[in-house]
Amino acid sequence: MNFDALPLDPLLAQAAKACGYETLTQVQAKVIPTALAGRDLMACAQTGTGKTAAFSFVLLQRLLNQPRAIGQLSALILTPTRELAIQVADSISRYSQFTELTTLAVYGGANINPQRKALARGVDILVATPGRLFDLLGQHDLSLETVDQLIVDEADRMLDMGFVRDIERTKRLLCVSHSTMLFSATFTPEVKALATKMLDNPEWINVTSASSGPQIEQKIYPLDARRKAELLAELIGRNNWQQVLVFVNTKESAERLHRELKLDGIKNAVFHGDKTQGARNRALEQFKAGELRVLVATDVAARGLDITALPLVINLELPDEPQDYVHRIGRTGRAGLSGVSISFVAKQDETALGAIEALIGKTLPREVQPGYEMGAPLPARYRELDTRVTSKAAQPKRGKGQKFGSQDGRRGQSRAKAPQRKAPQRKTSSDKASNDKARRPSSDKGFRGKR
Ligand code: AMP
């Protein structure tokens, strides 16, 4: 089905065209006609299937149909994270670019005053995270009385994050006769219960079948836990990868990998919960613009981030929650494009891998990388380090100013092997051993902490 076939205002059809959209995605073909007819709905659609445009075109069309004052707050979209709020607001602004309708994103971690002033000037559509929405309602006289369209995006994530009360409270503050659309990547019993409670005679839409989901080739690279960063740097160089999103479990792991890759001359940035919103936005923009080869992220980036045509996601560490695996790999293979996900799996990750395979209902192919066979003797430099660590155990601790990794005397030396732009000749095992000696080993030890 094409956008032309929808009863959309010409200004919206023009915007769809300007975005390069011709054919409706499956979720759009099901959601847009139903919701335009005025029904509440619960849509279960995997990430990357075009659900933002599905609800955005509906809400914009309804706003254009209504006799209403421009700048009167009429639609509210709740999102679980700041990144998603910003992204959704950007998308709606693109879809409404030829109209007078205005959209604002409000979220925590940023100064509330500019958001409050923008609201006071008048906006038609508000995209909000629950915490900031309630700050604005409580302290800054925001009223939702004129809002007659509510959209809850990533409802499953909202429930995971404990926002169920906030959603229910929000609903009570809206115009009495309002419509509601719930979107969720998964359809858990909790999501079903929320939908049943919140929606009025809803249409249930499910487009999560294998054929509608993203086309992602998923692979497992088994290896020794200590060699994950080393293999990553080697693969980036050998395959000339230019845009890789790498997931780790904690902010400490992220910072550590960031340093490792930097030592290898690989341009990268971190994206985790301890970074300011500004730093996260900058990292994301640079990564999207191709200025960084690697973005090292924790699960704060696993949901909602839309990076056009991202080819590759790597799980350097497997997530504790199998569901997060699905969200992480969903950053690639979006909008009908294909993508690849590779998970580095050490012996201690096998239980987590089992839970993931049980969730997705398939066994993923294992591809051992030459030189990284499990159980093979470790390269000499790891053995040297082990010996040094053992013999140092009895000695006094390192001085305060001495940094992690300095014990091998490699800090500051150039390690320009990995980021070669052209794929190098495959190394012989003796080449590899001599190369290995020159690299500082990475260890998964101490990779635990907060996200
Ligand atoms: P979403 O699932 O909403 O995050 O959208 C994923 C990606 O699909 C975004 O990059 C959109 O720009 C893109 N997209 C949405 N609808 C269409 C469409 N009908 N044709 C092509 N791309 C689309």
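Let me begin with helix 6 (residues 130-139) and helix 8 (residues 164-173), which pack at an angle of about 40° with their axes 11 Å apart. Helices here are DSSP runs of H or I with at least four residues, and strands are runs of E with at least two, numbered from the N terminus. Axes are lines fitted to C-alpha atoms, for helices over the stretch in contact, and angles run from 0 to 180 degrees between N-to-C directions.

This is a predicted model, in which local features need pLDDT of at least 70 and side-chain atom pairs count only at pLDDT 80 or more, while totals for chains, interfaces and linings use all residues. Residues are numbered from 1 along each chain as its sequence is written, and side-chain values use heavy atoms, with hydrogens and water left out.

Which residues meet between the two helices? Pro130, Leu133, Phe134 and Leu137 in helix 6 meet Asp166, Arg169, Thr170 and Leu173 in helix 8, contact meaning heavy atoms within 4.5 Å.

Six strands form an open sheet with parallel pairing, in the order 8-13-12-9-11-10; two strands pair if DSSP finds at least two bridges between them. Strand 8 (215-222) and strand 10 (268-271) are the edge strands, each pairing on one side only. From one strand to the next, the twist averages 20°.

Ala269 stands opposite Leu295 in strand 11.

Finally, helix 13 (residues 322-329) packs on the sheet and touches strand 8, strand 9 (244-247), strand 12 (312-315) and strand 13 (338-345). The direction of helix 13 makes about 155° with that of strand 12.
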